[in-house]
Amino acid sequence: MIWKNIDYLKIINGALVLLLVVVFESLLSDSLRLANVKLDLPLLLVVYIALVRGAKEGLIHGFLIGVLIDVLTPYFLGLNALIKTLLGYLVGNFRETLFLESIYSKGLVIFLALILNDLIYYAVYSGVDFSTMLEVIFFSSVLSGVYTSGIGMLAFFIRERFKLRIAF
Amino acid sequence: MNRPWLKSVTFRKIQQLVFFVLLAFLLLILPQQQKLFISGSILKYTYLPFFKFSQKIKRLTNVYDENKKLQKENVRLILENLRLKEEGLENERLRSLLDFKSQVDYRVIPAEVVALEPNRKSNSILISVGQADGVSKYLPVINMQGLVGKVIEVYPRNSLVELLLDPDCRVAALVQRSRIHGIIRPQKGSSLSLENVPSGEDVTYGDEIISSGLGGVFPPALRIGTVVKSEDPKPSIFKHVLVQPSADFNSLEELFVIEVIRKE
């Protein structure tokens, strides 16, 4: 029977992650801004899942979370899905090959993933207008990257300190 | 060359990657109409309930803030009321000391505008109360904004009210702040003028004009309007004071005929 092979726990995990993204984007994103610096929780979740569970999970969650973000700006529907799918896959592959035990190196991966995500997104968004891209990267993405990777490192620290395996 | 990260790249993973990348790319190249349809459908079942919830929370927060503001206003009004009551009692004591005989109270008769008087170019109106309701000639008529006019004809169930805008209407008035007396007369359009105010008197823009009670028809302290222009034309010995009426004569609906009851 096909449904005997289905991992229901993974489906529930995935649904919870998507619910978290929806709740965050609709209710919490503004209140969790720190001095107007945005926390990119959707991207953090993609990178976190890719680092914890590997490339396959990373790309699937990247796609689904990307689509959820894209529906808020329908003109570029698919763009976030594309970028986050690739990021989930890339980070998942790195996790399996590179030495990523240190929390700081995970933080660095989150930071670089966010910069890469914004670089590609705003390149398409602005029609490769370098001044717009640089402005966004320097005035928004870098700070957002620091904030998001800080929260990410905290999440990894809690996970490792308390041996949490819930949801991920 | 040794590339350890390539070792983990399997054919199955590449297949999955290609599948999801193609799916995302397909979404990206869809016509705008279909993108909107897909986004709308997903939004409806994902974000919309949370957006609605968020709006409700915001509305509740607004109600809470408004409530706080009203509570403050309420306390301020209670205190003001207490102060006015005290001053009223003090006034009563002083009046009794000075042996002042009369104090005023009002009987209020609610009325509605029934019709405009066609012969008098809308400077008079017919109201829904008359002799049967206790209305008599020359009683003042007000609305929530201020003085409207006076009753000039009384019928069994209706009355004719002469508006402040009628060329024949005059009201003894004073500037509330500086207590300068004058006579209110209608001007062209729907404004009024305060006349017989000597040049150099203290009347400025924004001053409230109220009835003075002199003349016997209108009781004191009924709001008439606000000064919108005050100037001293050189050859004249009187000021030119233009007053914007408090009552909006283009939308008169609910009115009150008031009768002054003098207490002994």
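The model is predicted: local features need pLDDT of at least 70, side-chain atom pairs count only at pLDDT 80 or more, and totals for chains, interfaces and linings use all residues. Residues are numbered from 1 along each chain as its sequence is written, and side-chain values use heavy atoms, without hydrogens and water.

**Nonpolar cores**
- A nonpolar core is a set of buried Ala, Val, Leu, Ile, Met, Phe, Trp, Tyr and Cys residues joined through side-chain atoms within 4.5 Å; buried means under 20% relative accessible area, exposed over 50%, partly exposed in between (1.4 Å probe, protein chains only).
- The largest core has 46 residues, and A:Val21, A:Val47, A:Phe63, A:Ile65 and B:Tyr47 have the most contacts inside it.
- Elements giving two or more residues to this core include α1 (8-28) and α2 (41-53) of chain A, and α2 (11-28) of chain B; helices here are DSSP runs of H or I with at least four residues, and strands are runs of E with at least two, numbered from the N terminus.
- With eleven residues, α2(A) gives the most to this core.
- Another core, of 39 residues, lies apart from it and includes B:Leu139 and B:Phe249.

**Loop residues with positive phi**
- B:Tyr138, in the loop between β2 (124-127) and β3 (140-142) of chain B, has a phi near 75°.
- B:Tyr138 is partly exposed, at 43% relative accessible area.
- B:Ala221, in the loop between β9 (208-211) and β10 (223-231) of chain B, has a phi of about 70°.
- B:Ala221 is exposed, at 54% relative accessible area.

Notes: Chains lettered and ligands numbered in written order.
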